[in-house]
Amino acid sequence: MEVLKKKILSQGTVIGSEILKVDSFLNHQIDVKLLNEIGLEFKKRFANQEITKILTVEASGIGIACIVAQYFNNVPVVFAKKHEATTLDAGVYEAEVFSFTKNKNYKIKTSKKYINKEDKILIIDDFLANGNAALGLISISRQAGADVVGVGIVIEKGFQKGRICIEKEGVKVESLAIIKSLKGNEVLFE
Ligand code: 5GP
């Protein structure tokens, strides 16, 4: 997606050789016009697929998923929670996820009320690195007996193993910008 790649090149900053910071349009301040273009692009990539729910993980995924949902008939967005919440019911699906950016394990949880076996789920997230967040969301969907239609990613780091791990699960991955390398502070796309 050319407009996204241009935005990454003009506003993204590289941390080390593996992390891209895009706080000016995706992870802190949000470019709503760009998110609408992202929503339209995901609609094209998953055209003619039945989708009943969008699943993501807090926090950065929520804003993206809510705009994307408007291109899929306003289906509900469910986000997995990362933090212990007293408001979360006892009945939850959960998965253990290793955080690439924080370098530690955490649990993601979703109430059993909001995903069920009739659901056809599109998973949406901001970044794909080693695939742990997406695999956790696939696990939660499958615990509920739901079908995972695909994983839609805004920025994939193609030099990490996320895509391979998700495809091994038999799930389609669509990424709007795939980065080949971040070495030497330079963003190179595939
Ligand atoms: P994974 O679970 O695929 O290893 O990592 C994906 C998650 O880690 C995403 O939800 C995202 O929040 C975070 N993440 C991974 N790599 C990056 C990165 O280069 N930049 C930013 N901003 N977040 C990242």
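1. Searching the whole structure turns up 15 salt bridges. The term is used here for a side-chain nitrogen of Lys or Arg within 4 Å of a carboxyl oxygen of Asp or Glu. As background, side chains of opposite charge can pair when their charged atoms come close.

2. Before you read on: this is a predicted model, in which local features need pLDDT of at least 70 and side-chain atom pairs count only at pLDDT 80 or more, while totals for chains, interfaces and linings use all residues. Residues are numbered from 1 along each chain as its sequence is written, and side-chain values use heavy atoms, with hydrogens and water left out.

3. A quick look at the overall fold. The protein has six helices and ten strands; these are DSSP runs numbered from the N terminus, with helices being H or I of at least four residues and strands E of at least two. The radius of gyration is 16 Å, close to the 16 Å that the globule rule gives for 190 residues, so the protein is as compact as a globular protein of that length. (That radius is taken over C-alpha atoms, and the rule is 2.2 Å times the number of residues to the power 0.38.) Along its principal axes, the C-alpha trace spans about 45 × 35 × 30 Å.

4. How much of the protein is buried? Of its 190 residues, 49% count as buried. Buried means under 20% relative accessible area, exposed means over 50%, and partly exposed is in between, using a 1.4 Å probe and protein chains only.

5. Now to Lys53, which sits in strand S3. Which residue does Lys53 pair with in a salt bridge? The partner is Asp119, and the closest N and O atoms are 3.0 Å apart. Asp119 lies in the loop between strand S6 (104-111) and strand S7 (120-128), while Lys53 is in strand S3 (residues 53-57), so the pair ties together parts that are 66 residues apart in sequence.

6. Are the two partners buried or exposed? Lys53 counts as buried, at 12% relative accessibility, and Asp119 is buried as well, at 5%.

7. The side chain of Lys53 also has a polar atom 2.9 Å from the backbone oxygen of Tyr114. Leaving aside neighbours within four places in sequence, the residues in contact with Lys53 (heavy atoms within 4.5 Å) include Val75, Pro76, Val78, Ile115 and Leu122. Lys120, which comes up again below, is also one of the contacts of Lys53.

8. Lys120 has a salt bridge of its own, with Asp147, at 3.8 Å from N to O. This pair links distant parts of the chain: Lys120 is in strand S7 and Asp147 in strand S8 (residues 147-157), 27 residues apart. Lys120 counts as partly exposed at 24% relative accessibility, and so does Asp147 at 44%.

9. One last thing to find on the model: Glu41, Arg45, Lys172 and Glu174 are linked in a network of salt bridges.

Definitions and conventions. A polar contact is a pair of N or O atoms within 3.5 Å; within protein, one must be able to donate a hydrogen and the other to accept it, and residues adjacent in sequence count only if both atoms are side-chain atoms.
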